[in-house]
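The sequence and structure are shown first.

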Amino acid sequence: MTSTISASYPNYRAPREHDERLIMPEIRDLASAGCWQPSALQFDSGSSQVEALEFCGKSLQETRGQARREVVELSLRHTSQYLDTITPVHQDSLDNQPLILGGHQPELFHPGVWFKNFLMSSLAQQQDGIAINFLVDNDLCRETSIRVPQRLATGNYTTQSVPFDRPRDAIPWELRRLESEDAWSSFPKRVQDLLTQSGLELALVHDLWADTLEPISKHGNIGLAIAQARHLLEQRSGLRTMEVPLSALVSTRAFARFSIQLMSCLPRFQQIYNSQREAYRKAHKIRSHAHPVPALDQYDGWLEGPWWVYRPEAPRRQRLWIRFVNDQLILSDRAGWQAVIEGRLDCDNAATQWLEILGEGVKLRPRALLTTMYLRLMVSDLFLHGIGGGKYDQLTDSIISEYFGIQPPPFAVATATMHLPFPSAHKSAAEIEAAIRKEREAIWDKRFHAERSIAESSIEAQQLVEEKRSLLGNIPPKGEKWQWHQDLKRVNAALADMADSERNTNAEAVKELQFELRQAKLLESREFSFCLFSSSDLIPKLHALS
């Protein structure tokens, strides 16, 4: 299933039907736009911001070359820790190979998210490119459980929350360590017990979880363990991708230089960031101040930048605040931590100091918009988003255009809808919604046009119907309608009273249908984790869709 793009903000909607996909824009349109030509950015020659295309004295193309080499090298290094089948990438051929990137939190996401990895791999193989999935481990680990369907003794369904670790306060994935070995080791069995009760086949959670045992015992990081197990499953299923945590990206020199450049120009960047955010909110009629992202703030000489800062001893994410003092950049979380970067105009030296701060264990991490801004500007030839990321990056496009003065590099939005294969037949949610509308129309009709539905067997009903027809056939002129209105109101009320029992029947039908609708929506949910599906069913379908 594909969709067309509007002139301004595309409207991304997940497919509703089982086994359908969304890829937007279509792949052939991306190919015609030249996105398979590495480093082929289109510059806006009429822009007054041409100077912003230099990063620390180096051209954008030179900076991109360094960034691409660093990302590929990091990906090879990370992936080769647990895979021995990675094809080496020669640096002299890297400039001629398209880089296709995507990313997500290292969690047990639904099949629509997983579809992106299949599509990345397929595109990379078609275009002789390189596919890299970023583990967004600077996002918060909010849940350590998944929802699993359960069939009750009545035959109806509900969902149970099945934890794979003990809950705790939300902290970034890169810092989240396992707290309950019992919860981890028993997770597959508890999941499968509910699935079996629901009449579902053996799920791929068993094979997946077996591959988490070695990494979880090695380093204890639950996100990395889940991601590594999933990636091993992908490789066995024929995908050819590499992976790398986002936390490793910030330690590259190219990203350090990119960050120092933006920090040094933060007043202008902040103004454009906030103004484009307001334009986006106005276009989408968004009222919440937190959406799509909060504005960057200012306080007593401090400017808020689009980075997070946290430390192992203080794992709660804090906003990064920056102050300019002569040639210094003062960095602070305004919660007890502070660092100084000397000589901000000497970009290479300042970037070295950024890397030294990271080496001390301080986690300076980009927020969502800055992450994809860097990856799209400096690394990728095509970035694959899900629906949420695609909506966010419409704002990123506006910021790139205004601040850097270039046409934003392309991105695509991809997702798919897969339903668990419940054995019991049921009406679809769409069919039930249509039945509810029909019953509600009947209720309205019997409230205001009861004469159409009540039985005319009683003399009283026939008399009321005739009286209403007579009133409607003899409407008095303006100024003489008061009594006529009262008579019509009386007749309608009497007819409505006669239709009460039938309206009650319709109302009861609506209640029953609403319960059926909740059941249908549960059974048709696209949000169930990919690990609940059978590998023999899900993986071939994702291959076919990609």
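The lining of the largest cavity comprises six nonpolar residues, one polar and one charged, where Ala, Val, Leu, Ile, Met, Phe, Trp, Tyr, Cys and Pro count as nonpolar, Asp, Glu, Lys and Arg as charged, and the others, Gly among them, as polar. The model is predicted: local features need pLDDT of at least 70 and side-chain atom pairs count only at pLDDT 80 or more, while totals for chains, interfaces and linings use all residues. Residues are numbered from 1 along each chain as its sequence is written, and side-chain values use heavy atoms, with hydrogens and water left out.

There are two cavities of 30 Å³ or more in the structure. A cavity is a set of points, on a 1 Å grid over the protein atoms alone, where a 1.4 Å probe fits but cannot get out; lining residues have an atom within 4 Å of a point. Grid points are joined across faces, edges and corners, and the volume is the space filled by probe spheres set on the points.

| Cavity | Volume | Lining residues |
|---|---|---|
| Largest | about 50 Å³ | Leu200, Glu201, Leu202, Leu420, Pro421, Leu532, Phe533, Ser534 |

In the second largest cavity, the lining divides into four nonpolar, two polar and one charged residue.

Helices and strands are DSSP runs numbered from the N terminus (helices H or I, at least four residues; strands E, at least two). Helix α2 (residues 60-79) packs against helix α10 (residues 253-264) at an angle of about 135°, the axes being 8 Å apart. The arrangement of α2 relative to α10 is therefore oblique, the class left after under 35 degrees (roughly parallel), over 145 (roughly antiparallel) and 65 to 115 (roughly perpendicular). Gln66, Ala67 and Glu70 of α2 meet Arg253, Ala254 and Arg257 of α10, contact meaning heavy atoms within 4.5 Å. Three charged, two nonpolar and one polar residue form this contact.

Ser198 is located in the loop between α5 (181-197) and α6 (205-210). Ser198 counts as buried because its relative accessibility is 0%, the limit being under 20% relative accessible area with a 1.4 Å probe and protein chains only. Beyond its neighbours within four places in sequence, Ser198 contacts Pro149, Gln150, Arg151, Tyr157, Phe422 and Pro423.

Overall, the protein has 19 helices and 18 strands. Of its 546 residues, 53% are buried.

Terms used:
1 Å grid on protein atoms, 1.4 Å probe; cavity = no way out; pocket = protein on both sides within 12 Å on 5 of 7 lines; lining within 4 Å. Axes fitted to C-alpha atoms, helices over the stretch in contact; angles between N-to-C directions. Buried < 20%, exposed > 50% of the residue type's maximum accessible area, 1.4 Å probe, protein only.
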